[in-house]
Amino acid sequence: MLLPVLISVLSQATFVTYLCLFEILINYSNGCSICPEWASYTLGVFVCHSCSGLHRNIAQISKVKSLILDPWTPSELEFMDSVGNNAAKAIYEQLVPAFYYCPTFKDCTVLRDQWIRAKYERKEFLCVEKQEPYSAGYREGFLWKRGRDNGQYLSRKFILSEREGVLKYFNKHDAKEPKAIMKINTLNATFQPSKMGTAHGLQITYLKDNSTRNVFVYHEDGKEIVDWFNGIRAARLRYLQVAFPLALNSELLPKVTRNYLKEGYMEKTGPKHTEGFKKRWFTIDDRRLLYFKDPLDAYARGEVFIGSQENGYIVLPNLPSTIQGYHWPFGITIVTPDRKFLFACETEVEQKEWITAFLTVINRPMLPQEYAG
C-alpha cells in the first residue's frame, strides 16, 4: 500500500533503503493488526502511529522514526534487521504473568502506555520481584471514588485481599469497618475513560443482592490504576483456578475481566408496549442487558437476561406494526420465551451495531453455569 507512494517521491538510492526497511517490516513486525508506519530504532521494533507517541514519552529509552518521512542510515537498518518485534518480545516479555492484561491498539491510552513502560522502561517482565504490586495477592491504597448519589469524587481507602476473596473500601481513612465488600467471584473491572471523563477512569462492578452495582474510581498516576486493574485480574484468575480446577488457563482467562460488548443510548418502552419510549443508557455485559437513566448510575434501572437461539431468543430489526407514538425511527425487538422487549435507535448505524451485538450473544450456546444462574 505504501510502496507505490514511495516509488513516486523518492530517488532510486533512497527507495532502495526504504525497500530494505519494508522487507524488514514484513519479516519482523510480528503480525501487527494494523500496518505499522513507525519504528523505534533504539529498541528495534515496529509500532503503529498511536503507540509511536507513547514511545516518545520514554525518549531516553525509545527513539522513533517514521518509515516514510524520516531518513534511515544503514546502521539503523542493520539494527532493525537484527532485532524486530519477535526478538524484542522474546527479550522483554519473558515473564508476563498469565493474568496480566496485554492491550491492543484498540485499548485506551493508559493501558497501552503502562504496557510499554512496564516492558521497556521498568522491565517488569524480566524479574518477578518487580511484579509484586499486582501479583502479591494483597493490595492497599487510596483511589478517588465517585459518590453514589452526588457524583463527587472523594479519596477512599481500598483493600484487595485474595485470601479473604474480597475488594473492599472504607468511607473514612481511619474507619475499622468497610463501607462495601465486593466478593471476587462476581467482580469485574474495565477501563471507561470516555464514559467517566477521566483518562484513568476504571469501572468496577459486582453483584449486591443479585443486582449489579457500579463503582467508578480513578487515580492520577497511570501505573497505580493499572496495577489495581491487574491486581484484580490476578485475584480473579486464582479464584477461577480454585473454582474450576480442571479448566485450562486458556479457558479461564477470558472470564478474568471483560469489556462490555456494546454500550450506548437507546429508547425503550414498558412491558405492555403502551407506555411512551424513554431514553436510557444500555450496556451488554456478557448475557446481561442493563439499562440506566444516566451512564454513571450506581445501579441499573433494570436487567434483562439474553439467552441463546436454541432457548427461544430472537432479535428482529424492527418494531411490531401496532406500536404507535413518538420514538426514534430504527427499532429492535428482542423476543424471549417470556415477552418481547422493544427498543429504538436514533440512527441506522446504531441499530446495526446493537443488532450485531445481540446476535453475538444469542448465537452463542449457553454454558451449564449460565443455566444455573
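A helix crossing counts as left-handed if the near helix is turned anticlockwise from the far one by less than a right angle, and as right-handed if clockwise. Keep that in mind for the first close-up.

The model on your screen is predicted, so local features need pLDDT of at least 70 and side-chain atom pairs count only at pLDDT 80 or more, while totals for chains, interfaces and linings use all residues. Residues are numbered from 1 along each chain as its sequence is written, and side-chain values use heavy atoms, with hydrogens and water left out.

**The whole chain**

Start with a cartoon view: the protein chain has twelve helices and 17 strands (DSSP runs numbered from the N terminus, H or I of at least four residues for helices and E of at least two for strands). Now colour by accessibility. Of the 373 residues, 48% count as buried (under 20% relative accessible area; exposed is over 50% and partly exposed lies in between, with a 1.4 Å probe and protein chains only).

**Stop 1: helices α3 and α6**

Select residues 49-56 for α3 and 109-121 for α6; their axes come within 10 Å and cross at roughly 55° (lines fitted to C-alpha atoms over the stretch in contact, with angles from 0 to 180 degrees between N-to-C directions). That angle makes α3 oblique to α6 (under 35 degrees is roughly parallel, over 145 roughly antiparallel, 65 to 115 roughly perpendicular, and the rest oblique). The crossing of the two helices is right-handed.

Show side chains next: S50, C51, L54 and H55 of α3 meet T109, R112, D113, I116 and Y120 of α6. By class, this contact has four nonpolar, three polar and two charged residues (Ala, Val, Leu, Ile, Met, Phe, Trp, Tyr, Cys and Pro are nonpolar, Asp, Glu, Lys and Arg charged, and the others, Gly among them, polar).

**Stop 2: salt bridges**

The structure holds 19 salt bridges (a side-chain nitrogen of Lys or Arg within 4 Å of a carboxyl oxygen of Asp or Glu). Pick R122 and E124, whose closest N and O atoms are 2.5 Å apart; E124 is buried, at 2% relative accessible area.

Then jump to K262 and E353, where the N to O distance is 2.8 Å. This pair links distant parts of the chain, 91 residues apart: K262 sits in strand β11 (residues 262-268) and E353 in helix α11 (residues 348-362). K262 is buried at 12%, whereas E353 is partly exposed at 36%.

Salt bridges with shared partners also join K89, E93 and K119 into one network. Within it, K89 and E93 meet at 3.0 Å, N to O; K89 is partly exposed at 40%, and E93 is buried at 18%.

**Stop 3: W354**

Stay with helix α11, which also holds W354. Is this tryptophan, W354, buried or exposed? W354 is buried, with 0% relative accessibility. Leaving aside neighbours within four places in sequence, its contacts include K262, E263, G264, Y265 and M266, along with F282 and I332.

**Stop 4: N230**

Finish in helix α9 (residues 222-243), where you will find N230. N230 is buried, at 0% relative accessible area. Which residues does N230 touch, not counting those up to four places away in sequence? Select F99, Y100, Y101 and Y134 to see them around N230.

Technical notes: Contact means heavy atoms within 4.5 Å.
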